[in-house]
Every structure is written in C-alpha cells, then in structure tokens.
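Q: Can you walk me through this one? I'd like to start with the domains.

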Amino acid sequence: MSSPFPTVALKVQGVQILGPIPAEAKHIFSQEALALVATLHRNFQPQRKKLLANRKEQQKLRDSGVLPDFLPETEYIREDPTWTGPPLAPGLRDRRVEITGPTDRKMVINALNSGVATYMADFEDSLTPAWNNLVDGQVNLYDGVRRNLTFNANGKEYKLNLDPKRHIPTLIVRPRGWHLDEKHVLVDGEPVSGGIFDFAIYFYNNAKETLARGFGPYFYLPKMEHHLEAKLWNDIFCQAQDYVGIPRGTIRGSVLIETLPAAFQMDEIIYQLRQHIGGLNCGRWDYIFSYIKSLRNHNEFILPDRSQVTMSAPFMASYVKLLVHTCHKRQVHALGGMAAQIPIKEDQARNKAALENVAKDKLREVLAGCDSCWVAHPALVPVVLKVFNEHMKGPNQINVPPKKPYTPITARDLLSPFVPDAKITEQGIRTNCIIGLSYIEAWLRNVGCVPINYLMEDAATAEVSRTQLWQWVTHGAHTDAGKLIDKAYVAKLLNEEYEKLVKAAKPGNKFKPALAYFKPEALGEKYSDFVTTLIYDDVTTVGRPVSAEKL
C-alpha cells in the first residue's frame, strides 16, 4: 500500500509490509529486526497453530463435561521440590507496585515518571492493534529505553524526570497473546503472530540497550492456556537471544495466570520457563472471563454481578493462595492484581472512599503473600505504596514464611462458583451493557483503554461483560427480583442503554457498529472466543501486499 511518509528500503526475503512505515520509525524496521520476525515465524508458527487447535479440543472436552483438573502426566513436575526459577534479574528484585497502560507517548512518559518499581507497557488488552498504534508504540518504547522522550499536547510539554535521585521504573513489555495475528506483516504470504511481531521488534531494537542501562529485555506473557504454550515462548526466547548474541537466560518472562486452564498448570508453566521466568501474575478480570468461558456449557457455574466477584470470593481467593504458594516454592515473584480506579476529582468524598477500598484490596494482597500489585493510574501509587511499604519490609516476600500453614488447594476449590450473598441485578445487566458497548465503540476508534464510571476498563472487562450476559441468557438465570433473564429482557435493557450512550456521545461515534457486534453475543445468539478477534478486521488498514524489498 502506498504511504504518505518517506519509507526505508528493506530487503528481507519473503517479508511483506501492508502498512506505512513513517520516516520517524524507519530505524525500528531494520532488515535485521524484520529478519528476526521472519525467522521466528518460520520456526514456530506450526507449533503455535497446533497449540491453538488444542485449545479448541480442550474446550470441546469441557463442554462435554470433562472439568479442568491438575494434569496427571505432569505430576512429577509438581511434586519435585528440587527445581526453582532463575536468580532474580536486575531491576526485578523489588516489584512492589507496577503501573500498566498502553504505549502511547504521553502514557509512557507518565508511567516512567510515576515512581513505581516497574511499568508494564501494553501491546495487548489496553491497546487497539491498529497499525499506527503499534508502530508508534515501538518508537515510544525505543525512546523510553534511551531516556529520550518528550511530548507536546495542547500547549503542555511532557518529558521524563531524569533527576538521578529519582527511580525510573523497570520497563516490561506485554506482547499480544497467541490467538492474535498481525495482518499488516506477512511472511511467505501468511500473517505473523501478533505476539511474535511485538516481541521480536522490541527485543531486537532494545535488548542490548536495556542491558547497558542496568536492566534487561523483560516481558509479560498473556492469555496462555497450557504449559506447552509457555514452552513455545521459552523456545522463542532461546532463539532470539542466540540471534542477537546475548546469553540464554537474559530475558525474563512474567506470566499472567488469567485463564482457568492455566491455574491448574502453574508449576508446569514455571518449569517450562524456568531459565527465563520472572513470576506469575493474578490477572483477575481475564481470569473471571476465562472461568465463565471455559465452563460456559454448565449452568452450575453461573456467576453473579461482576461487582460481587471480588478477590475475596472463595474460588478467587483459592486461585491467589495457590499462585503465591507455587511461586514462592519455586523462588519467583507472586504478582498481585489490578487496581483500576481513577480519580473522582469532582467528588472528594467518593474519591476518598474509592481510595480506601483500593488500600483494603492491596492490604489483602500483601497479607496473602503477594510481592507486587498493579495500578492503572499514577494517582493510586502513593496509596498502594504506603500499604506495601508498611507490610512488606524487604524487596519481596519470596522467603518470608506464610503466617498460616499452607492447606493444599483442590480442583474443587478452584472451580466452586460460590460467592457470598450472590445475586444478579438489573443494574448489573445494564452495567455490562454499558461497558461492553462503550469499550467496543472506543476500540473501533483505535482507543484500547477507556475510563468508564471511574474505572479504567480494557478488553478483559469488556469480555467479562459480554460473556456474563451470554451466560445468563443461555442458562435462563434470574435476577434478585425474580425476573427471567431472557433475550427479550436483555434486548430491552441493551437498547435503552444504547440510546442513552448515543445521545450523550459526540458526532462521529461508532456505537452503531458496536451494537451490531455486541448484541448477538449479549443475547446468546453466538459466542466468539474473543471480542478482539471478532472486531480486529475493523481496525486494520491492510492494503495490497508490498514486498519489503520494494518499500
């Protein structure tokens, strides 16, 4: 496709770029970087396809009544007490507060100025994978690694605070999950994995520079459902390190345990990545989504309103307890979950109450043994730091004895849907409609991180919203008022909320196509594996393939 920008000449056999490479990004797409993308694609795409096919087979088994359980064939890994992860890497010893967010330039600057331990720069759930977003993100991270980052908007200048007395967070990059393609980059005529593309471009351009600056090429790995998916990442890490000439084991990969199948394979995932593992993270919203999705064929696993499915719910608390125990047994970090609140500037009383709830949630995490937690907004950093500083005196809790003896977590502990005082309310249905519609509408405008009702919502919460509605309609759940949740009832509430959103929206909004995508899912008429794959084609600007040699 033709580009309005000057482009760089590339000569990588079999590689085609279907999006423009602006002059300011030409250094990102060197021949060597694209050759790494091509090499990893050719070597590992067949295994990726096989693992994605296995996901579908496992879902068929669950649909037929075979519930998730610990794998008998890997019991030897779980029961062997002798193996551990690697020594903690530079910049990752103390991770007590981590901030997360997309890779737009302002966000990168604010995150690196936020005073946290680490910053997870996200190419996944909080970023719409439009080509311009991906290219811009890689440029921003390249500049961020080199501390050469400024931004001007509306007459205001943003720049990094380079005071030598101030800590700059260790950068960790989250590439896309295995299920996502990158349609703008073809190798031998086939779209590459979005995760391989994100990883390879960042890694090639920044691995040696991060090491020179005292940290390293570090990543968060999302959405895995099987320990062999972790092995795939480990194999990619090994080949990438060989490619650029740095020792194997330099990379660190922290894994989000955000799918129900992965919760039964924590030891195995650490084992597969044991040369490169950085820890396991409690990805709470995606975990709830995966719980519903994995068990969707069974009406005994219906969950109540999202607001009630907190981390204190027994099955969620069991998940955290198992994660902390497993990580510390293997000498790696147990990384806590997200605080998604954003400031309520116009109502100080509500803002104070919200921050108090954040503090309570983080107190629960640190007392459970977590070494870290996530925040979505810099305003939460002082609140959360205070909690961790008071209750975690060392850089982590890996070798701090638990306050209570560990009681083994069973499969039933992880599966039980019990939530105290559980109920589904009409307001819960409406909230799911609002979040689902609002997020998809924003995603279609290339915005992947959306403030809704003073919470920073991303793809994970949109997935919970549409999947809950599907579950309630499909299994004929009832509200706390005794109302049957059927298609007609949800359609009525959905249309009412849609009309309100459209009335309040600016011209040029995309609520109409958002409704077209969301409504069949919410009414139980169809079920898509991921909303992001469902609507991906709408945010791609793929043109006629152009060989990299001709760019």
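What follows is a short chat about the domains, their interface and the salt bridges.

Q: What kind of model is this?
A: This is a predicted model.

Q: Into which domains is the protein divided?
A: There is domain 1, residues 26-413, and domain 2, residues 423-536.

Q: How far apart are the C-alpha centres of the two?
A: The centres of domain 1 and domain 2 lie 26 Å apart.

Q: And how many residues does each domain put into the contact?
A: Domain 1 brings 43 residues and domain 2 brings 36.

Q: What area is buried between them?
A: About 3,400 Å². Carbon and sulfur atoms give 61% of that area.

Q: Which elements give two or more residues to the domain 1 side?
A: Helix H1 (31-63), strand E7 (181-187) and helix H9 (284-294).

Q: Which of them gives the most?
A: H9, with six residues.

Q: How does that side split by class?
A: The side of domain 1 that touches domain 2 has 18 nonpolar, 10 polar and 15 charged residues.

Q: How many salt bridges cross the interface?
A: Two are found between domain 1 and domain 2.

Q: Let's look at Lys56. What does its side chain meet?
A: The side chain of Asp529, in a salt bridge with an N to O distance of 3.2 Å.

Q: Zooming out, how many salt bridges are in the whole structure?
A: The search finds 42.

Q: Pick another one.
A: Arg48 and Asp181. Their side chains form a salt bridge at 2.7 Å, N to O.

Q: Where do Arg48 and Asp181 lie?
A: Arg48 is in helix H1 and Asp181 is in strand E7, so the pair ties together parts that are 133 residues apart in sequence.

Q: New topic. What does UniProt place at residues 423-539?
A: An unreviewed UniProt entry puts the feature "domain: Malate synthase C-terminal" there.

Q: How much helix and strand is in that span?
A: Residues 423-539 are 59% helix and 5% strand. The end C-alpha atoms of the span lie 37 Å apart.

Methods:
Residues numbered from 1 in each chain as written. Predicted model: local features only at pLDDT ≥ 70, side-chain atom pairs only at ≥ 80, totals over all residues. Heavy atoms only, no water. UniProt positions renumbered as here; feature names shortened; annotations may be inferred. Helix = DSSP H or I, 4+ residues; strand = E, 2+ residues; numbered from the N terminus. Domains from an automatic or database assignment. Contact = heavy atoms within 4.5 Å. Buried area = accessible area lost by both parts, 1.4 Å probe. Salt bridge = Lys/Arg side-chain N within 4 Å of Asp/Glu carboxyl O. Nonpolar A, V, L, I, M, F, W, Y, C, P; charged D, E, K, R; others polar.
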